[in-house]
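Welcome to this short tour. Please keep the sequence and the 3D view open while you read, and look up each place as it comes up.

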Amino acid sequence: MADDARDKAARRRDPKPSATSRRSFLKSGAAAGVGGAAALAGLAAQEAQAQAPPLAGQVRWSREVDVVVIGAGASGLPAAIAARDQGATVLLVEQHFDIGGIAIMSGGMIHMGGGNRIQKEKGVQDSPDLAFTDWVNAENGEAKFNDRDLVRKWADESVPTFEFLTANGLDWDEKFLGGPGDASSVPRQVRPKEWPIRKDLVAFDQGRNGSGIVRALEQSARKKGVEILLSHRMTNVVREGDRRGRVMGATFVQVDRNFTPTNQTLNVRARRGVILCTGGHGNNVEFRRSFDPRLTAEYQWHGQTLAPHNADGAKAAMAIGASMWATANQTAEAGEAFNKGRIATRDNYIRGLITPESPIFFRAKASGMNVTDWQNLILVKENGKRFYDELDSSYDGFFAHAMAWTGDPAKLNGGGPIWAIFDSEAVKREKWGTEAPVVDRERGYFFSADTLEELAAQMKRNPFQWREMPGTTLRETVERFNTFVDTGIDLDFKRRKPTHKIATPPFYAAWATPSLHDSLSGIRINTKCQVMDLQADVIPGLYAAGETAGGFALHGLGRAIVFGRIAGMEAAKDGARSTRA
Amino acid sequence: MTAPKAAPAEAIALELREPVPNEIDAGARFSVVVGVKAPATRNLHGAPFTIISSTREGDVNDGGHAVDHPVLSGTLVGSHLGPEGGHDTSARLTATAPEDFGTFTWALVVPAQEVNAVRHPEASLTFSFATRPHATSLAAWDHPSPVVAGRPFTVKVGAKCTAGCALAGKAVDIRDEAGTVLASGTLGETPWPGTTGLYWASVEVQAPAALGPFSRALAFSAAELKLPHAGASATFSAVTIPPPDHHLSITVVDKETQAPLQDAYLRVGLVRIATDDTGLARVAVSAGELGLSIWKAGYDAPDTTVVVTGDDAVRVEMTALPVEDPFARWNK
Ligand SMILES: Cc1cc2nc3c(=O)[nH]c(=O)nc-3n(C[C@H](O)[C@H](O)[C@H](O)COP(=O)(O)OP(=O)(O)OC[C@H]3O[C@@H](n4cnc5c(N)ncnc54)[C@H](O)[C@@H]3O)c2cc1C
């Protein structure tokens, strides 16, 4: 089967509850395999063709406000508040049944310096100039591809954003100042305390301080009169005059708890601006493959069961002419783009543990096993062969080899599922539970069997294991590895000190396929967060922030919050259609 | 008197709704999911069916003659039919594959009948499959490595039949590289704990006299089982060492706190051992210079050597790695 068809077939069988994973928005082969602006322009054109947004005249508006913010996460909440602070009427629309985005599950460490109060109190010398210089460092992979105008804006707006968050109720963890980290030369990461009300959390007892950002901002937004509409997914942004004029508003469809659309639609006219804060593209297979063709459907994205980043913002913007920006950041393999995660569940991001108490557990299905010692297992590909030193978690080690071709002419792109293979002694050493809710047997992300041959035979139940793993190969792989344990020398991959044999039945196979992390590139914005087209012209009335926007490879919250606030302020001031409510 | 009016006729259409596997374990139960369509008759509950196997018997040189054996009969009722009953429904029939080894063609026959005043002529559907011997597979575990050259050691061996046949009483052989049977274990009555049907035995076998790595092959032949079974093989490995003459007591502690470290995995020469809850491991070794390396997740210690001249005690300090290492970059 051709790769695209194989991928689509796998996705059809993928039971994960993401609406977009079942729906590819591009016609086959969309620009995959080529990088750069030209290819992405091609992608934009195909996208426009595949899913042309309605013409302004075709839309019947059911609501009208000054500013519509789409996505209630790290960038959307500050955008909504900042717009409201300027006197605009604001509707904040979110597809999930709660606010927070993936930010609610984050560690809450906001990379945002320039000399804020906490930095000063801890004696850290920082300034906007230093922050700027760090993040345009020509020798740093996370800095060198950045749009320096955006970095300058971030550096200048970091302290005002810290003050903005303080004024909107963040309860800072005064003891904490993290970093330097990434491209920074001084510690800049501040974080609030975890939100104290347990029922408002999605992840528990693991320092998910991001809840302290989004819940505080939610409270402030509601108090200030931001209207929040949940369970509605944006489907299009509508542009006036044959899709060349000003952005008029956006269309939405109501979705259920599994993000499946109901037939309720809503069209909201935005007098001053539409702000796209829908997160990145990690959960959209074809979109992410435009940056890296290896990223076929077997790779999961770390927020898939919480607040899927389906590239909706970027798609809607590109359909009306937006350009992408600083695409090198996505593939530079310098920032947070991949993750070696937990095992035995598809939702396996190492810091995204979802337990049965969580309100989204029904989507995650299992919490997975944390590996404390990778000596307890080997990792094999879908063909039953080891492929690298399992103790290595680097880009060049794990990810490059995990995504390498497995040798099947029927699947050339993507490295296929990665399986952790271990025995019952490893289960004892790690004190792993081997049943639900820890592992996901039901959907084929965890198997056990009396012998290795029987284990291999079962694994075809996994939706991404496209061919049967040869049982003899798996057995021979394990037998060979066991000889390395005898001698202490891994002749194949030089793993240090192979320690434990895999021998005592029953045997186990647990999903250990890499998980995708940040989107580090997105649509082009200027320093006012206005979305721009390929001619570098502003698309009037359209704004973007957070992972939806490109140009700056700063990981996570710092970028999302700083630019979210700017987008809100600027959209509210956008005069073209202004009628104050 | 008027002649009774003939009931209207309608063919029943039969089709396979799920493919019958090309190969089925001999003697195993399997499902045939058949679609039954009779548009005018809204209810086929109660319709009889038979599955007939055609084989050739008699003088094979002569081509033999076809003999039909019914292998399953019943009625398309109850659980055989979808809840909607009637036309275009699916019936799941469970049959047992022949116990012998070969290719079979079966016919599902729904005989001519009248339902709700509609006449249905006989309908049939054929499908073929081959029976295969049950797959078996093996495991070997719980043997020491290293073992003392030329001395006996014990290994557990187990065999499993995919179709779940009881393998108690059958033998697993242990062979050397040349194929000579060194020992044989008779599988016990109870499967190994935690398995669904891995029958096992504890077998004593002699280590080779030569020093160094060796491997042994397991072989299972199930010739005498009632149903055909494919044989299986597997290997296990170990290394041999000379007989130890001294004891080393190795204590592993955290360099900074000096607290004992449990479950630190030591390799002294070729001997592997873990520390107990007091951080201690007692290991039997022979005199000479031996490499000493330790693994404990979250800690590090340089590899070193010990010179063994008699019983001795060694203390090893491990340095705690930064808490999140080696996954620090993902700790956000
Ligand atoms: C477990 C975890 C830990 C992390 N820890 C940190 C950390 O400590 N520090 C850090 O800096 N970063 C961290 N991050 C990353 C950080 O949370 C994200 O980069 C940040 O939240 C991105 O902000 P955003 O607004 O772009 O996306 P989100 O915060 O995810 O918000 C986007 C919102 O848009 C919604 N949406 C998407 N499409 C639509 C649509 N069509 N219609 C309506 N709504 C839509 C989504 O449901 C979501 O709620 C972490 C991420 C995870 C998963």
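Predicted model: local features only at pLDDT ≥ 70, side-chain atom pairs only at ≥ 80, totals over all residues.

## Two crossing helices

In chain A, the axes of helix α6 (residues 148–167) and helix α17 (residues 557–573) come within 9 Å and cross at roughly 85°.

Which residues bring the two helices together? On α6(A), A:Leu150, A:Lys153, A:Trp154, A:Glu157, A:Ser158, A:Pro160, A:Thr161, A:Phe164 and A:Leu165 take part, and they meet A:Gly558, A:Ile561, A:Val562, A:Phe563, A:Arg565 and A:Ile566 of α17(A). By class, this contact of α6(A) with α17(A) holds nine nonpolar, three polar and three charged residues.

Next, follow chain A into the loop between α6 and β4, where A:Pro180 is found. A cis peptide bond joins A:Pro180 to A:Gly179, with omega at about 15°.

A:Asp173 also sits in the loop between α6 and β4 (189–190) of chain A, while A:Arg191 is in the loop between β4 and α7 (210–224), 18 residues apart from A:Asp173. These two residues form a salt bridge, and their closest N and O atoms are 3.0 Å apart. Over all chains, a search of the whole structure finds 52 salt bridges.

## Other backbone features

Another cis peptide bond joins A:Ala436 and A:Pro437, with omega at about 5°. Here A:Pro437 lies in the loop between α14 (424–430) and β14 (446–449) of chain A.

A:Lys365 is worth a look as well: its phi is positive, about 75°, although the residue is not a glycine. You can find A:Lys365 in the loop between α12 (361–364) and β12 (378–380) of chain A.

| Residues joined | Omega |
|---|---|
| A:Gly179 and A:Pro180 | about 15° |
| A:Ala436 and A:Pro437 | about 5° |

## Where chain A meets chain B

How many residues does each chain give to the contact? Chain A gives 47 residues and chain B gives 42 residues. The area buried between the two chains is about 3,400 Å², and carbon and sulfur atoms give 49% of that area. On the side of chain A, A:Asp450, A:Asp486 and A:Lys497 lose the most area to chain B, together 18% of what that side buries.

Charged pairs also span this interface: the count between chain A and chain B is three salt bridges. In one salt bridge, the side chain of A:Glu454 meets that of B:Lys160 at 2.7 Å, N to O. Polar contacts across the interface of chain A and chain B involve 21 residue pairs.

Which elements of chain A give two or more residues to the side that touches chain B? They are β11 (338–339), α13 (395–402), α15 (452–458) and α16 (471–487). α16(A) gives the most to that side, with seven residues. Sorted by class, the side of chain A that touches chain B has 15 nonpolar, 16 polar and 16 charged residues.

Note on methods:
Residues numbered from 1 in each chain as written. Chains lettered and ligands numbered in written order. Heavy atoms only, no water. Contact = heavy atoms within 4.5 Å. Buried area = accessible area lost by both parts, 1.4 Å probe. Salt bridge = Lys/Arg side-chain N within 4 Å of Asp/Glu carboxyl O. Polar contact = N/O pair within 3.5 Å; in protein donor to acceptor, adjacent residues only side chain to side chain. Helix = DSSP H or I, 4+ residues; strand = E, 2+ residues; numbered from the N terminus. Nonpolar A, V, L, I, M, F, W, Y, C, P; charged D, E, K, R; others polar. Axes fitted to C-alpha atoms, helices over the stretch in contact; angles between N-to-C directions.
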